[in-house]
Amino acid sequence: MIALLAASTLYQVASLAALADAGALPSGQRRVLVLANGSQQPELTTPLQQAPGFAELSTRFDAVVDLAELIWPRRPQAFSPREEELLMWQRLLRSHWGLGSEPVTLYLESIQVNPAMALARIFHDAPITVHSDGLMSYGPTRNRLPVAVAQRLDALVYVDLVPGLTPVLLREFAPQLTPVPRAPLAAVFRELAAATRPSAAATSLSGAGDVALMLGQYLVPLGVLTPEQQAELDEQMLVAALHAGARTVAYKPHPSVSAGSTAALREEAAELGLALVVLPDEVPAELLMLWLTPRVVISGFSTSLFTAAELFGLPAAAVGFELVGPELSPYQNSNRVPLVLADAVLGPGASVTGPELQGLVDAVAYCMQSHRLPQLREDAEAFLTRHPRLRDRYIKQRRLRALGLPSAQRRTVVTGRSPRAMARRVLQARLGEEGAQATIARLSAARHSLRHTPRRAVGKLGSTLVSWSKTPQRASRS
Amino acid sequence: MSTPPLVSIVLPAKDQAPFIDDALRSLALQFPDPGVLQVIMIDDGSTDGTGELARAHVEHLPRLQVIRNEEAVGLASARNQGFQLAEADAIGFMDGDDWMARGHVATLFSELARLDVDFVRCDHVTVTGGRRALVRAPQGRRAVPLDPRDSILPETHSTMVDYPYAWAGLFHRRVLTRGLLHFDEGLFTAEDRPWIWRLHLRADSYAVVESPGLMYRRGVSTSLTQIYDERQLDFGRSYRLAFDVLRADAEAERFWPKLARQFLAICAHHRGRRAAMTPQLRARQAEVITAGLSEIPPHVLREQMAGLDTRRAGLLRPLLPGAAPSRSFLPPRSTRSSRPEMQAGVSA
């Protein structure tokens, strides 16, 4: 029996290595690691095989093959072979990768999209185990799985990143759930950190006691945030660093961020009295955590927040829920559960744990994919009734109403001649005349015009205020 | 650094802040020792800090020079400007929003030397968001020296003169010395047309070679081909310069059908976009086209017009020299948007 284990990032390779170390992969199988680099511009990044520490990780596998290289210039995410050529693909891959005619089992990440789907179709009779790709596996399945794939689902293997939380992914098919303890993954990252040389910038910060590690998330290319909102999110991360008592911010930009936006951030940091050090290291964020042992790890809703907190016991802070939450659309967006988890567990003043957290995740998952998870409805309804505060924070009113779920908020239609007038009216209703005046003054001092950016302006005020509907004519308030 | 670089890359860029980092990062990955690569980046009147972003890359590209033009001079003139600083015997081009796979330039360089030709050309990959497509240079014979004149015809199919992308290849200095690499000054569009004709008519040898890959970003909204303004009418001037190049050739008669067909295709393409133009611009465009058409030998023009499909023929017939006065002030019948000019192949 041959196990084909697919990985798109070094993090995934580390995660698979941890599964092997934890004994979560059956022994006696020949393990072939299938690399499928998920980068938008693989030409510009270090190939996974050449990444420092890869050699150590790869000792867990009997062979390493590269699917991305094989299909270049096409990217693995776009690898969608034609139905009538699948058999040819299987023959060619078997011969190219030296698989002979032995039966194959597949270990795939992101099962709902290519290249996982392509591999599942090519090896049409291989049993499938899904290995988790971070926080997303706690959320519901986004796309319909073809029946021929669903029938072969054996198990979902996942690192227990949010202790005790049961993933919703693939729940409609009831695969066997195999949580992997966190310790082997922590050990793999320690091994990787020891085998990799930090950059001069990272070295200069190790041992300093007042460093915040900021893990940039770049939501502009995904169409979630506008460049202005992105700048705002980055700014909020800096402020969080300041509040955590940091004097220096070690910033790991998202790989697709250009140096230009770094310059703007540097200025912003200087204004706050923070030193900003940009880390050029092309390594998983976990290595930076181990090198720097920062005072706090800050991000939006990155899986690394949980590896920081749960693998290494570092304080972690999630910021920007108020900014990102309303922009994430449709409600089915797969980033929603990671975003909710980050805010509910590691957000400002967050303290949702245990059964309450499971209830929240299941309820959000139901609202995202109600037709796929009808069995969750009853519990979701009960949970939302019991926890109006969580309900109003994490589930959009429109969604609740569309699903006929309990929704305490009354919808008030605000009308006005212009977005500015409407924004003013909402503010007045919520804060009173005086409060509204003060807020507007504060906003104009910060050069935010109500007229141009009502949503952003109001977002500035924080979670207590309002959520805006897309069309300014129909703002709702509580 | 006393030893000259192996390759000089001329990289003009205007307002390419979102992309210039990718371009320069990929240049740093072209040779095991990036010190052998001279990069001449011409910041052509950028107002978004492209030049400053570029300068930061000197750390990884020791032979990076950034030249600043306060006023934009255009792609053609900026490339010429770059030649003056080029020190290497092999000269190449790059656009600010593209990037290359590792070792692309190194491969072109060794192929140029091995085959001992005037220039080498290569394929490229278009990248439209997450979609990628390989575009082959239209010459099936690879990695052997060829006569550039033999790759111009037939006029009925896309050939190497329909693949005028300066950035898809590498050029020996002797081509520059012979004046074949220069671009006609001040052209804002189709500057590569007279350039490619000059190259293919006058250079002695070339080869199409396999290389790791050149990534060409498409669908960038700032691209000149998306907006229609006065500068786009430069296609007329560009082609008339190509006509000059061809007229000076001993075998002009042999190649006129090809160049005429190219011009008709580009005219039809531009004419098809007239819905997006002001009436004044539309009228100017009609003049430009008529002036160009009148330079084509009449028998060639007749023959090539007869070969056009009905849509293109219908667009151009009113503009033929001596035709009834143009109806260009009437509202256009069709408002369909056309393909970008880069894609306006001749054979289609």
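**Model.** I am working from a predicted model.

**Chain A overall.** I looked up the secondary structure and found 20 helices and twelve strands in chain A. I then checked burial: of the 478 residues in chain A, 54% are buried. For the accessible surface of chain A I have about 20200 Å². Carbon and sulfur atoms contribute 52% of that surface. Next I took the contacts in chain A with a separation of 6 or more. Residues 24 or more positions apart supply 69% of them.

**Helix pair in chain A.** I picked α11 (residues 285-292) and α12 (residues 304-311) of chain A. Their axes come within 9 Å and cross at roughly 40 degrees. The crossing of α11(A) past α12(A) is right-handed. Which residues make the contact? From α11(A) I list Ala285(A), Glu286(A) and Met289(A). From α12(A) I list Ser304(A), Thr307(A) and Ala308(A).

**Sheet in chain B.** I traced an open sheet of four strands in chain B, in the order β5-β11-β7-β8. Its pairing is mixed. The edge strands are β5 (99-100) and β8 (131-135) of chain B, each pairing on one side only. I then looked at β7 (residues 124-128) and β11 (residues 214-217) of chain B. These two strands run parallel, and three bridges join them. Where does Thr126(B) find its bridge partner in β11(B)? I found it at Tyr216(B).

Notes:
Residues are numbered from 1 along each chain as its sequence is written. Chains are lettered from A and ligands numbered from 1 in the order in which they are written. This is a predicted model: local features need pLDDT of at least 70, side-chain atom pairs count only at pLDDT 80 or more; totals for chains, interfaces and linings use all residues. Side-chain values use heavy atoms; hydrogens and water are left out. Two strands pair if DSSP finds at least two bridges between them. Buried means under 20% relative accessible area, exposed over 50%, partly exposed in between (1.4 Å probe, protein chains only). Contact means heavy atoms within 4.5 Å. Accessible areas come from the Shrake-Rupley method with a 1.4 Å probe; for residues, only the protein chains shown count as cover. Axes are lines fitted to C-alpha atoms, for helices over the stretch in contact, and angles run from 0 to 180 degrees between N-to-C directions. A crossing is left-handed if the near helix is turned anticlockwise from the far one by less than a right angle, and right-handed if clockwise.
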